Amino acid sequence: MLPELLVWIQTHPKMIASTAQQHLMLSGIALAAATAIGAPTGLLLTRRPAIVSLVIGTANVLRTIPSLALLVIMLPVLGTGFLPSVVALALYGLPAVLINTYTGVGAVDRDVVEAARGQGLSDAQLMRRIEIPLALPVIFAGIRTAAVQIVSAATLAAFIGGGGLGELITAGMGLLDIPQLLVGALAVATLAILTEAFFGLLEFAMTRSRHGGSS
């Protein structure tokens with residue numbers, strides 16, 4: 001089977017590159033949207049305890065919905081294609097970012113917070129200078145989790161015309177082209193591993209930088 005895989009890769013480099021580019025674009029935009037919505041919402045929840053149960057409960061419900069189901073739910077709302085795929089993937093990654101942001105800020109030592117308040121910091125200054133920097137490792141861990149989830153789930157975007165590496169898998173299944181199917185599956189797995197490694201290195205560099213700056 002390995003020779004067939006290598007032959008297929010050598011004869012379809014443009015297709016692999018094109019679908020990989022689509023996959024990365026889908027995943028990148030969805031992750032950016034999930035972070036842009038989830039992080040501010042998580043921060044807001046630390047100041048609005050009355051709505052915490054409702055929002056966190058909704059996020060946990062989103063976590064239980066399979067990624068393919070979210071994609072299908074988008075069909076009657078937004079139709080098929082790139083946009084509904086991005087929306088569904090953003091919703092899929094949103095809970096990890098939101099919950100980690102809320103948890104990270106909520107776990108900041110209250111003594112440190114009160115000491116900062118005692119020095120006259122406003123609420124906005126307190127969040128910007130104290131809470132967010134101290135909670136950043138937990139927040140980033142949520143973004144890292146969301147990134148891997150989105151890259152993996154983006155495979156299913158092909159079922160609603162969203163493109164990506166899932167097209168190799170669906171085409172391979174439809175044509176009974178096992179090398180194409182396996183190339184698609186291996187490409188998605190490799191991309192997920194690389195995403196995890198990339199964000200792991202970023203987290204390590206960020207942590208090392210913080211420690212270096214505080215020493």
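## A tour of the salt bridges and one buried alanine

Start by selecting Glu 114 and Arg 117: they form a salt bridge, with their closest N and O atoms 3.9 Å apart. (A salt bridge here is a side-chain nitrogen of Lys or Arg within 4 Å of a carboxyl oxygen of Asp or Glu.) Before you click on, note that this is a predicted model, where local features need pLDDT of at least 70 and side-chain atom pairs count only at pLDDT 80 or more, while totals for chains, interfaces and linings use all residues. Residues are numbered from 1 along each chain as its sequence is written, and side-chain values use heavy atoms, with hydrogens and water left out.

Stay with that pair for a moment. Glu 114 and Arg 117 sit three residues apart in helix H6, so about one helical turn separates them. (Helices are DSSP runs of H or I with at least four residues, strands are E runs of at least two, and both are numbered from the N terminus.) Glu 114 is partly exposed at 48% relative accessibility, and Arg 117 is partly exposed too, at 37%. (Buried means under 20% relative accessible area, exposed over 50%, and partly exposed in between, using a 1.4 Å probe and protein chains only.)

Next, pick Arg 110 and Glu 131. Their salt bridge has its closest N and O atoms 3.7 Å apart. Arg 110 belongs to helix H6 (residues 110–118) and Glu 131 to helix H7, so this pair ties together parts that are 21 residues apart in sequence. Is Glu 131 buried or exposed? Glu 131 is buried, with a relative accessible area of 1%, whereas Arg 110 is partly exposed at 39%.

Now jump to Arg 47 and Asp 123, whose side chains meet in a salt bridge at 2.8 Å, N to O. Arg 47 is in the loop between helix H2 (13–45) and helix H3 (52–64), and Asp 123 is in helix H7 (residues 123–153), so the pair links parts 76 residues apart in sequence. Arg 47 is partly exposed at 22%, and Asp 123 is partly exposed at 35%.

Ala 147 is buried, at 3% relative accessibility. What does Ala 147 contact, leaving aside its neighbours within four places in sequence? Show Leu 31, Thr 195 and Phe 199; contact means heavy atoms within 4.5 Å.
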